[in-house]
Amino acid sequence: MIPDETPLFDPQLLEVIDWNQNTVSFSPPISPEHPGEGLVLRPLCTADINREKFEHMKKTENYFVIVVEDLNLGQIVATATLIVEHKFIHGCTKRGRIEEVVVSDECRGKQLGKLLLSVLTLLSKKLDCYKVTLECKPKNVAFYEKFGYTASDETYMQCRFFD
């Protein structure tokens, strides 16, 4: 990350998560501090996105977008988002929602999706969320169960306005 670029959230949050609480094994071993050769895990910063959209997400203080940047290529190769909401019926406690876990085709198989999901799950715990959820296709349920996620009785429905 370029030193004068503004991160979406305090990068120290990624340093204080308790990686020992991670429930998934990595082979070869990787971690938030060492995501792989030539890779760095960091918050989204102003250089990565349209400035106006970035400022909107930063101002709300509810978005935690992390990226893996390939320093050799100078580009983002993986990303995931944690959105934190305050729930009125739960005394305004926090609920996390993980979305948009994406790894570029050329970096698949490097465990980056696992790493992003592990980091955001632990981050939601560190942020005192009472629960963290995600949506997935039925064929991916077994993958997410490795991280401690369980299928719920809630039904996912949507009303789409744009493709």
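Valine 40 faces glutamate 69 of strand 2, where strands and helices are DSSP runs numbered from the N terminus (strands E, at least two residues; helices H or I, at least four). Strand 1 and strand 2 run antiparallel to each other and share five bridges; two strands are taken to pair if DSSP finds at least two bridges between them. All of this is read from a predicted model, in which local features need pLDDT of at least 70, side-chain atom pairs count only at pLDDT 80 or more, and totals for chains, interfaces and linings use all residues. Residues are numbered from 1 along each chain as its sequence is written, and side-chain values use heavy atoms, with hydrogens and water left out.

Strand 1 is mostly tucked away, with four of its five residues buried. Here buried means under 20% relative accessible area, exposed means over 50%, and partly exposed is in between (1.4 Å probe, protein chains only). Arginine 42 sits in strand 1 and, because its relative accessible area is 6%, it is buried. The side chain of arginine 42 makes a polar contact of 2.8 Å with the side chain of aspartate 48, and another, of 3.0 Å, with that of glutamate 69. A polar contact is a pair of N or O atoms within 3.5 Å; within protein, one must be able to donate a hydrogen and the other to accept it, and residues adjacent in sequence count only if both atoms are side-chain atoms.

Setting aside neighbours within four places in sequence, tyrosine 149 is in contact (heavy atoms within 4.5 Å) with Ile98, Leu117, Thr121, Val132, Thr133, Leu134 and Tyr144.

Helix 2 has some details at its ends. At its start, a side-chain oxygen of asparagine 50 comes within 2.8 Å of the backbone nitrogen of glutamate 52. Threonine 60 also belongs to helix 2, and a polar atom of its side chain is 2.9 Å from the backbone oxygen of methionine 57. Threonine 60 has a relative accessible area of 30%, so it counts as partly exposed. Just after helix 2, glutamate 61 takes a positive phi of about 60°, despite not being a glycine. Glutamate 61 lies in the loop between helix 2 and strand 2 and is exposed, because its relative accessibility is 62%. Glutamine 111 is another non-glycine residue with a positive phi, of about 70°. Glutamine 111 is in the loop between strand 4 and helix 3, but at 14% relative accessibility it counts as buried.

The loop between helix 1 (12-16) and strand 1 includes glutamine 21, which is partly exposed at 37% relative accessibility. Glutamine 21 touches Leu122 and Lys125, leaving aside its neighbours within four places in sequence. Glutamine 21 and leucine 122 are 101 residues apart in sequence, but their C-alpha atoms are 7.5 Å apart. Proline 28 is in the loop between helix 1 and strand 1, and a cis peptide bond, with omega about 5°, links it to serine 27. Serine 31 is in the loop between helix 1 and strand 1; it is buried at 11% relative accessibility and touches Trp19 and Leu115, not counting residues up to four places away in sequence.

Finally, the rings. There are four aromatic pairs, given that rings of Phe, Tyr and Trp (its six-membered ring) pair if their centres lie within 6.5 Å, with planes under 30 degrees apart counted as stacked, over 60 as edge-to-face and the rest as tilted. The rings of phenylalanine 143 and tyrosine 144 have centres 5.0 Å apart and planes at 80°, so this pair is edge-to-face. Phenylalanine 143 is partly exposed at 29%, whereas tyrosine 144 is buried at 16%. Phe143, Tyr144 and Phe147 make up one aromatic cluster.
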